[in-house]
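Reader: I'm new to this one, so could you put it up and take me through it slowly?
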Amino acid sequence: MEIKVKNCKIKIIQGDITEQTVDAIVNAANPTLMGGGGVDGAIHRKGGIKILEECKQIRATLYPNGLPTGEAVITSGGNLKAKYVIHTVGPIWRGGNSGEAELLFKAYWNSLNLAKGRGLKSIAFPSISTGAYGYPIDKASTVALNAVKNFLEKENGLEEVIFVLFTAKDLEVYKQKVSEIFNL
Ligand code: AR6
């Protein structure tokens, strides 16, 4: 499925984000930036030690207390096909009244802004927060799609944004939300 906002294509596919050939893939990290399970584990496993070394450097210099939820940082892509990895931290789902939507929106927005600031053209997102962090996918997909739509309406430079969903079920949820949000 493919749609356009100004000059930027938005694609929604099922797949493995570590296999994407794009300028940057986004990692659903945790504040330590030291790896974990899910997408984070897959990215560090395939990307190799270089990514972890750069994360350690970021912790030592910019974020000694950890990367706050909603913020984003960038490292190289190590052995991945992607040139860069943008690490962001989504919110843990606590029922919906703890600022989760705002924080998730920020995680997408700050990742896009970092990519744009570096002059990157293509970026791929996983479904941030909807695994270990428990954010319901129907709610999270609405936030994700609105964040990308709003960003692209306001900013120029990006040419391709890809949502890479791990399961067929998640892909279906996203497709449904896209029709609603983009009035297809
Ligand atoms: N490609 C694309 N999507 C994937 C992949 C992959 N290779 N692997 C899993 N997913 P999660 P979170 C999907 O748990 O909820 C980590 O331990 C998965 O099906 O990776 O933000 C971190 O270190 C789900 O839909 O991220 C943090 O501690 C989505 O990616 C914590 O988990 C997100 O699931 C972050 O939790």
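Reader: How much of the contacts in the protein chain with a separation of 6 or more comes from residues 24 or more positions apart?
Author: Such residues account for 70% of those contacts, where contact means heavy atoms within 4.5 Å. Please keep in mind that this is a predicted model, in which local features need pLDDT of at least 70, side-chain atom pairs count only at pLDDT 80 or more, and totals for chains, interfaces and linings use all residues. Residues are numbered from 1 along each chain as its sequence is written, and side-chain values use heavy atoms, with hydrogens and water left out.

Reader: Okay, and how many helices and strands are there?
Author: The protein chain has five helices and seven strands, taken as DSSP runs (H or I of at least four residues for helices, E of at least two for strands) and numbered from the N terminus. Along the sequence they follow the pattern β-β-β-α-α-β-β-α-β-α-β-α.

Reader: What about the inside, which residues have the most contacts in the largest nonpolar core?
Author: They are Tyr108, Ile123, Phe125, Leu152, Phe163 and Tyr174, in a core of 38 residues. A nonpolar core is a set of buried Ala, Val, Leu, Ile, Met, Phe, Trp, Tyr and Cys residues joined through side-chain atoms within 4.5 Å, and buried means under 20% relative accessible area with a 1.4 Å probe, protein chains only. Helix α4, residues 137–154, gives the most to this core, with nine residues.

Reader: And what does Phe125 touch?
Author: Leaving aside residues up to four places away in sequence, Phe125 touches several residues, among them Ile17, Val26, Tyr108, Val148 and Phe163. A second, separate core of 18 residues includes Val22, Ile58, Val85 and Val89.

Key:
Buried < 20%, exposed > 50% of the residue type's maximum accessible area, 1.4 Å probe, protein only.
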